Amino acid sequence: MTAAPTATDGELARHTPMMQQYLRLKAAHPDVLLFYRMGDFYELFHADAERAARLLDITLTKRGQSAGQPIPMAGVPYHACEQYLARLVKLGESVAICEQIGDPATSKGPVERQVVRIVTPGTLTDAALLDDRSDSLLLAMNSGRQRVGLAWLNLASGELRLLETAASALPAQLMRLKPAEILLGDTSALSLPDDQAQRARRRPDWHFDAAAATQLLTTHFGTRDLAAYLPGEEDHGLVLGAAGALMRYAQATQLQTLAHVTGMALERESSWLRLDAATRRNLEITETLRGEPAPTLLSLLDTCATALGTRWLRHCLHHPLADRSVAAARHGAIAELLGADGAGPLEALQAALAGSADVERIGARIALKSARPRELAALRETLHALPGIAALLADRAGLLAALGADLAVPADCLARLDRSLAAEPPALLRDGGAIAAGFDAELDELRGIQANCGQYLLDLEAREKERSGIASLKVEYNKVHGFYIEVTHAHADKVPDDYRRRQTLKNAERYITPELKAFEDKALSANDRALALEKRLYEALLDDLTAHIAALQRIARALAQLDGLCAFATAARRHDYCRPEFVEHPCIEIRDGRHPVVERQVDTFIANDLDLHPARRMLLVTGPNMGGKSTYMRQTALIALLAHCGSYVPATSCRLGPLDAIHTRIGASDDLASGRSTFMVEMTEAAAILHGATDRSLVLMDEIGRGTSTFDGLALAFAIARHLIEKNRAWTLFATHYFELTRLALDHPECANVHLDAVEHGQSVVFLHAVEAGPASQSYGIQVAALAGIPPAVLREAKRRLVELENREAAAGPQPDMFATVPPAPSFQAEPHPAVEALSALDPDSLSPREALEKLYALKRLAAE
């Protein structure tokens with residue numbers, strides 16, 4: 001790879017002036033690709049060109065020389081820049097955009113250029129680069145002793161949040177946030193998963209200094225201190241350091257202050273039901289186990305009319321509320337949307353929301369001065385529609401009434417848009433026509449010159465013919481000489497005194513007059529002057545709209561939540577969900593519960609009940625493979641999660657006592673990168689549950705102990721189950737194929753056995769999927785293997801071996817209690833067998849062949865007896 005030359009003063013002098021300019025700019029941004037604007041292209045040079053050519057599959061060339069060496073270069077058209085940026089950002093690259101800011105007509109050397117923004121994966125705001133249905137977060141992490149301070153920013157909305165958490169909980173937080181870019185100190189020893197490590201950027205350690213962060217943040221928010229954002233007497237040094245590094249980096253990439261970041265919120269882990277990384281993955285909330293977006297809980301529920309509604313829904317499903325009063329308020333809002341007899345405003349509200357613009361992201365782009373004319377037009381239309389949406393919520397109570405109030409239109413903002421912005425503005429400001437006619441007299445005049453140039457020349461020609469008496473006089477234009485009045489030599493004596501000769505031809509003279517010269521100056525520069533003036537007027541419009549950012553953010557939050565609640569209500573009506581009930585006494589009672597995603601993938605789904613209370617805290621779930629054990633457990637967790645998100649749930653009734661967490665240990669695979677086997681992953685997840693679960697936690701344990709020997713696995717499964725009953729006292733669903741575990745119910749009254757049954761039909765098996773009381777009778781493993789396509793010969797051998805094992809077990813007597821106290825070994829000596837005594841008395845060397853054969857038959861008879 002050809003490295004860019006170092007930008008020392010001595011070496012710079014050897015390069016061309018343009019390359020000197022490039023090298024100075026590159027030296028200021030050494031860690032990113034530099035898009036250097038040259039005419040209609042963004043060019044890359046040296047190592048940047050080679051890297052971009054490889055990543056984007058564009059042509060790498062060498063043209064010209066600088067300092068005696070050919071210059072490797074590659075380029076992309078400026079009008080197609082966004083598609084290339086999107087590909088680079090997706091690959092984790094950052095790009096500095098360098099624009100021409102000088103006037104080529106007046107520049108003596110290279111046109112003046114400067115970097116106007118830096119595009120990184122975590123600081124995206126352009127609509128073309130962002131996924132409009134998910135957030136792109138920038139996360140900073142500041143580590144201390146066993147604790148980590150987190151700060152994350154959604155630059156596309158202006159939301160800044162902080163959290164201090166235990167280092168052991170970091171994987172769960174990364175799974176929850178899914179940051180696009182992570183900032184770490186140069187000396188930070190924090191370990192990141194492989195998929196997150198490639199998104200990390202190292203920053204100087206002093207960027208994470210708490211004192212410097214406090215000064216930076218108080219200056220940004222215009223406050224004396226940060227007490228309004230960080231209440232209490234706690235030490236907030238870790239989160240402050242993270243927030244300071246975050247803001248410093250974000251401001252550096254945007255090359256401006258972040259006017260739409262108007263505050264920050266300190267999160268508490270107790271605000272949400274705790275979901276560890278394994279639980280978020282196993283429940284397939286927004287991503288399947290294969291990493292696909294569907295079928296998932298989000299894909300099922302997402303009937304949102306707007307992109308910001310989908311983003312709210314995604315966030316909501318990953319943040320089930322610990323405060324049940326907020327979730328209950330959402331339940332009430334869904335009830336009002338549906339109406340007592342289905343006569344609620346749901347359909348009308350969804351239709352009204354369908355035309356809403358992405359107010360959240362448009363507001364952010366207004367603050368960053370990057371909003372486009374058509375985005376402002378969409379914002380204007382949405383603001384005009386808000387009173388109609390609010391009217392649908394009139395006379396409503398509770399949450400819907402509050403959301404209706406939040407839709408109040410900022411009158412000054414709307415009036416400014418109506419006055420300033422054209423009815424149908426262009427996609428880009430440079431195309432002209434963004435500012436409304438009649439808003440600015442000078443702009444109207446310049447546009448009039450462009451529009452009425454031909455008519456003006458005809459009128460001037462008619463006046464000059466009349467004034468001079470020259471019937472053949474012509475007023476015309478060419479690119480070389482501009483505007484002129486042409487008079488033949490035959491009428492030269494009639495030329496008025498104010499005509500000034502511009503060009504002499506063989507048969508005619510061309511003149512210019514003061515009036516035509518003034519018009520020429522206006523006409524030839526009218527387009528450029530109109531675009532320049534329109535740009536100034538548009539920037540002034542953005543400046544004025546910035547004062548309304550807080551109101552736009554309020555409206556965006558209300559629209560997003562309304563759209564998300566409509567999606568919940570639609571699912572409730574379409575899929576026959578019920579309103580859950582929160583109660584104060586500990587219990588989980590579900591009647592006819594269903595798995596929300598699985599039931600939409602099958603023709604018939606068997607609903608099942610669940611009943612947990614203080615005297616019944618654990619269910620030992622047995623039954624055949626494919627019988628529905630995992631589905632039964634997962635549907636319980638999803639019903640609890642949906643209820644705490646504020647949604648109705650797939651059941652005929654649901655009563656939930658207090659919950660603080662949902663833990664799952666379902667399935668496992670090797671973590672080869674970390675050197676962990678399947679069994680090690682399984683035990684690590686189980687250990688986290690045993691350390692973290694409380695008597696208010698819901699725990700799902702699916703076939704623990706499979707990855708080791710039978711006795712080891714059975715012993716571990718027994719010990720883990722007993723610990724959950726006796727120590728954690730969590731609400732537990734414990735699925736197992738170890739039928740010995742079902743005897744736990746004999747010693748622990750809080751434990752109950754249930755099973756999912758199946759029946760044999762010919763050579764196959766039929767799964768009933770219904771939960772029944774008591775343990776299962778068998779696992780039907782060979783029948784399931786047949787369904788999977790195991791060869792018949794293998795199945796026959798398996799059946800023969802199964803019969804042998806069962807006969808051997810029956811001959812050995814009843815199955816011993818593996819968990820009973822082991823009796824001491826007997827102290828007496830057993831009497832020797834007669835065959836052994838006879839064999840000991842033999843002298844083989846003294847026997848003839850016939851005598852040896854007779855003795856052998858005698859020993860066989862003794863052994864048989």
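Arg467 comes out partly exposed, with a relative accessible area of 45% (buried is under 20%, exposed over 50% and partly exposed in between, using a 1.4 Å probe and protein chains only). Keep in mind that this is a predicted model, where local features need pLDDT of at least 70 and side-chain atom pairs count only at pLDDT 80 or more, while totals for chains, interfaces and linings use all residues. Residues are numbered from 1 along each chain as its sequence is written, and side-chain values use heavy atoms, with hydrogens and water left out.

**Salt bridges**

- The count of salt bridges is 47, taking one as a side-chain nitrogen of Lys or Arg within 4 Å of a carboxyl oxygen of Asp or Glu.
- Arg467 pairs up with Glu464 at 2.9 Å, N to O, and Glu464 is buried at 5% relative accessibility.
- Both Arg467 and Glu464 sit in helix α18, 3 residues apart, which is about one turn of the helix; helices here are DSSP runs of H or I with at least four residues, strands are E runs of at least two, and both are numbered from the N terminus.
- Another salt bridge joins Arg447 to Glu534, with the closest N and O atoms 3.2 Å apart.
- That pair connects distant parts of the chain, since Arg447 is in helix α18 (residues 441-468) and Glu534 is in helix α19 (residues 514-546), 87 residues apart.
- Arg447 is partly exposed at 21% relative accessibility, whereas Glu534 is buried at 3%.
- Glu520 and Arg502 also form a salt bridge, at 3.0 Å from N to O.
- Glu520 belongs to helix α19 and Arg502 to strand β16 (residues 500-504), so this pair ties together parts 18 residues apart in sequence.
- Glu520 is buried at 4%, while Arg502 is partly exposed at 28%.
- Elsewhere, Asp135, Arg311, Asp358, Glu360 and Arg361 are linked in a salt-bridge network.

**The β18-β22-β19-β20 sheet**

- This is an open sheet of 4 strands in the order β18-β22-β19-β20, with mixed pairing; two strands pair if DSSP finds at least two bridges between them.
- β18 (581-582) and β20 (608-612) are the edge strands, each with a single partner, so one side of each has no neighbour in the sheet.
- β18 runs parallel to β22 (residues 653-656), joined by 2 bridges, and Glu581 stands opposite Arg655 in β22.
- Helix α21 (residues 629-645) lies across β18, β19 (588-593), β20 and β22, at about 70° to β20.
- For that angle, axes are lines fitted to C-alpha atoms, for helices over the stretch in contact (heavy atoms within 4.5 Å), and angles run from 0 to 180 degrees between N-to-C directions.
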